[in-house]
Amino acid sequence: MSAAKRRKIEGTNGRSRSNMGSEDGNTIGGDSYDGYESLSMEDIQIRIKELCHRVPRLPEAGLDSEDDTIIKEWATSLQAVIEEFNLLACCVSPATYKWGSERSGAADQNLNVLSAELASSQDQISSTVMPRLTNVLAPVVDLVIEKVITTKDEDGKEIRQNIFTRKQTDPDFVHLCCQILCRNAKLLRQVVLSNFIKIQRCIDDYRQACLKDSQHDSRGFAY
């Protein structure tokens with residue numbers, strides 16, 4: 001192999017290794033992904049704040065347990081907000097990722113507190129709010145025969161065709177769930193908003209703690 005060709009190959013390999021080592025929140029190994037931008041902790045905090053304004057309000061007189069349409073619209077809106085919150089919570093780990101040796105003890109402690117508070121909020125919402133929404137929006141149903149159509153073919157042979165439909169297993173229970181949701185709607189909304197606001201404060205405290213810690217540690221942290 002000629003010296004010129006060898007130098008060209010070595011130069012190409014050097015650039016490849018350089019590209020492999022160039023990483024940020026949106027690329028790794030030189031690869032980028034269309035439509036993807038990593039979220040910082042500040043981005044997540046801002047989006048959770050926006051979610052607070054999207055939590056559905058209640059009529060002055062509260063929800064009417066006899067108005068299924070309004071109940072389902074309110075429950076669907078609240079469920080969508082909670083789902084987006086849970087997805088944003090999944091972005092916290094990528095936003096705070098650093099290899100263990102690059103963190104100080106204080107940084108690990110800060111992250112543990114943030115993770116614990118985030119898990120606590122998700123647990124409260126999933127255990128106290130989501131089941132009440134699910135009982136109304138996705139009640140248990142059975143597949144039953146609605147009607148039977150009987151016809152005869154050319155040979156006079158009888159053909160039976162069953163038409164199936166879905167019906168609620170226990171309509172009375174579903175109505176009871178609607179009453180419970182209407183009765184507790186104000187406090188359910190309170191649980192969601194209070195946890196959203198708490199996480200905003202927690203992220204702000206975490207960022208401030210990381211900033212303070214980075215001033216005493218040359219390694220720095222992601223926040």
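**Salt bridges, core packing and surface of the predicted model**

In this predicted model, Arg54 counts as partly exposed, at 42% relative accessibility. Its side chain meets that of Glu84 in a salt bridge, with a distance of 2.9 Å from N to O. This pair links distant parts of the chain, since Arg54 belongs to helix 2 and Glu84 to helix 3, 30 residues apart. Glu84, at 28% relative accessibility, is likewise classed as partly exposed.

The count of salt bridges comes to 3. Another of them joins the side chains of Glu42 and Arg207, at 3.8 Å from N to O. Because Glu42 lies in helix 2 and Arg207 in helix 7, this pair ties together parts that are 165 residues apart in sequence. The relative accessible area of Glu42 is 40%, so this residue is partly exposed. A further salt bridge is formed by Glu117 with Lys198, whose closest N and O atoms are 3.0 Å apart. Here, too, distant parts of the chain are linked, with Glu117 in helix 5 and Lys198 in helix 7, 81 residues apart. Both partners are partly exposed, Glu117 having a relative accessible area of 30% and Lys198 one of 24%.

Lys198 is also in contact with Ser121, a residue placed in helix 5. Ser121 has a relative accessible area of 0% and is therefore buried, the limit being under 20%. Neighbours within four places in sequence left aside, the contacts of Ser121 are Asn195, Lys198 and Ile199.

The largest nonpolar core holds 41 residues, of which Leu133 and Phe196 touch the most other members. At least two residues of this core are supplied by each of helix 2, helix 3, helix 4, helix 5, helix 6 and helix 7. The most is given by helix 7, with 14 residues. When residues up to four places away in sequence are not counted, Phe196 touches Ile48, Leu51, Cys52, Val55, Val81, Phe85 and Ile125.

Two of these contacts of Phe196, Val81 and Phe85, are among the buried residues of helix 3. This helix spans residues 68-90, and its 23 residues reach 33 Å from the first C-alpha to the last, close to the 33 Å expected at 1.5 Å a residue. Its buried residues are Ile71, Trp74, Ala75, Leu78, Gln79, Val81, Ile82, Phe85, Leu88 and Ala89. Their spacing may be read against the geometry of such elements: an α-helix has 3.6 residues a turn, so residues three or four places apart point the same way. The cover over the buried residues of helix 3 includes helix 2 (41-54), helix 4 (92-96), helix 5 (105-128), helix 6 (130-137) and helix 7 (171-214).

Within helix 6 is found Thr134, which is partly exposed, with a relative accessible area of 33%. Thr134 touches Gln79 and Pro139, residues up to four places away in sequence not being counted; of these, Gln79 is one of the buried residues of helix 3. Thr134 and Thr76, although 58 residues apart in sequence, are 9.3 Å apart in space, C-alpha to C-alpha.

Notes: Residues numbered from 1 in each chain as written. Predicted model: local features only at pLDDT ≥ 70, side-chain atom pairs only at ≥ 80, totals over all residues. Heavy atoms only, no water. Helix = DSSP H or I, 4+ residues; strand = E, 2+ residues; numbered from the N terminus. Expected span 1.5 Å × (residues − 1). Buried < 20%, exposed > 50% of the residue type's maximum accessible area, 1.4 Å probe, protein only. Contact = heavy atoms within 4.5 Å. Core = buried A, V, L, I, M, F, W, Y, C linked by side-chain atoms within 4.5 Å. Salt bridge = Lys/Arg side-chain N within 4 Å of Asp/Glu carboxyl O.
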